[in-house]
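Let's take a friendly walk through a protein model. Have a look at the picture first, and then read on.

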Amino acid sequence: MSDLIERGAVPEGYKVEVFDGRVIMTPQSPEQDWTVSDVKDAVKAAGIARERVFGDVLITFPGENDAAPDLTIIGFDAERRKNSYSCVDVLAVVEVPSEPEDEKDYVRNVRKYGRFGIDVYMIADPFKQAVTLMSEPHAAGYGRVLEIPYGEPVSFTLATGERVKVDTSTFPVRDAQEG
């Protein structure tokens, strides 16, 4: 199945990941797309080159399931391997949950991204209408967790010293019943 994912043989509008030995196929909502687009615009406005910012690209995690985050920011010297990058190259990840209280984003990814030292993990949740911004990664997750309501600006600094400020006032929202 991962071969199908790498070749792009996925139905249009869906995101497919292999997680804990299961294939997860999730339709991308317009709200996810719009939110990722807004964050990507903020990252580019911060002067970060487009070659360092992408969505749904495979990130490898040694000894664990690989991931294709909604948005990834990589370092200056990141080395592309086929159609993927190593988690050691990742400076920040942004995820937009596809359902309320998404365990993958709020539990499993928190542990995984923290354990692998990804400095910044941002969850932009259209159901909660809030951003959860995590930093200070450690073996079990993150030492610093801030929840910021939509409408408030969100700022974070990458390990490179680059500072990103995201205007969340344009982030779309979803009713929890839609999940």
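Below is a short tour of the sheet, the helices beside it and some aromatic rings in this predicted model.

An open sheet is built from 6 strands, in the order 3-5-7-8-9-10, with mixed pairing. Strand 3 (53–54) and strand 10 (141–149) stand at the edges with a single partner strand each, so one side of each has no neighbour in the sheet.

Strand 9 (residues 130–138) and strand 10 run antiparallel and are joined by 8 bridges. Here leucine 133 stands opposite leucine 146 of strand 10.

## Helices on the sheet

Helix 2 (residues 30–45) packs on the sheet and touches strand 3, strand 5 (71–74), strand 7 (90–95) and strand 8 (120–125). The direction of helix 2 makes about 20 degrees with that of strand 5.

Helix 3 (residues 103–115) also packs on the sheet, touching strand 7, strand 8, strand 9 and strand 10. Its direction makes about 165 degrees with that of strand 8.

## Aromatic rings

How many aromatic pairs are there? The count comes to 6. In one of them, tyrosine 113 and tyrosine 121 have ring centres 4.8 Å apart and planes at 90 degrees, so this pair is edge-to-face. Tyrosine 113 is buried, at 0% relative accessibility, and tyrosine 121 is buried, at 0% as well. Both belong to one aromatic cluster formed by Phe61, Tyr113, Phe116, Tyr121 and Tyr142.

Tyrosine 150 and phenylalanine 171 form an edge-to-face pair, 5.2 Å centre to centre. Their positions are 21 residues apart in sequence, so the pair ties together separate parts.

## Charges over rings

The charged end of lysine 112 sits over the ring of phenylalanine 61, 4.5 Å from its centre. Arginine 52 lies over the face of phenylalanine 76, at 4.0 Å from the ring centre.

Technical notes:
Residues are numbered from 1 along each chain as its sequence is written. This is a predicted model: local features need pLDDT of at least 70, side-chain atom pairs count only at pLDDT 80 or more; totals for chains, interfaces and linings use all residues. Side-chain values use heavy atoms; hydrogens and water are left out. Two strands pair if DSSP finds at least two bridges between them. Helices (H or I, at least four residues) and strands (E, at least two) are DSSP runs, numbered from the N terminus. Contact means heavy atoms within 4.5 Å. Axes are lines fitted to C-alpha atoms, for helices over the stretch in contact, and angles run from 0 to 180 degrees between N-to-C directions. Rings of Phe, Tyr and Trp (its six-membered ring) pair if their centres lie within 6.5 Å; planes under 30 degrees apart count as stacked, over 60 as edge-to-face and the rest as tilted. Buried means under 20% relative accessible area, exposed over 50%, partly exposed in between (1.4 Å probe, protein chains only). A charge sits over a ring if NZ of Lys or CZ of Arg is within 6 Å of the ring centre and within 35 degrees of the ring normal.
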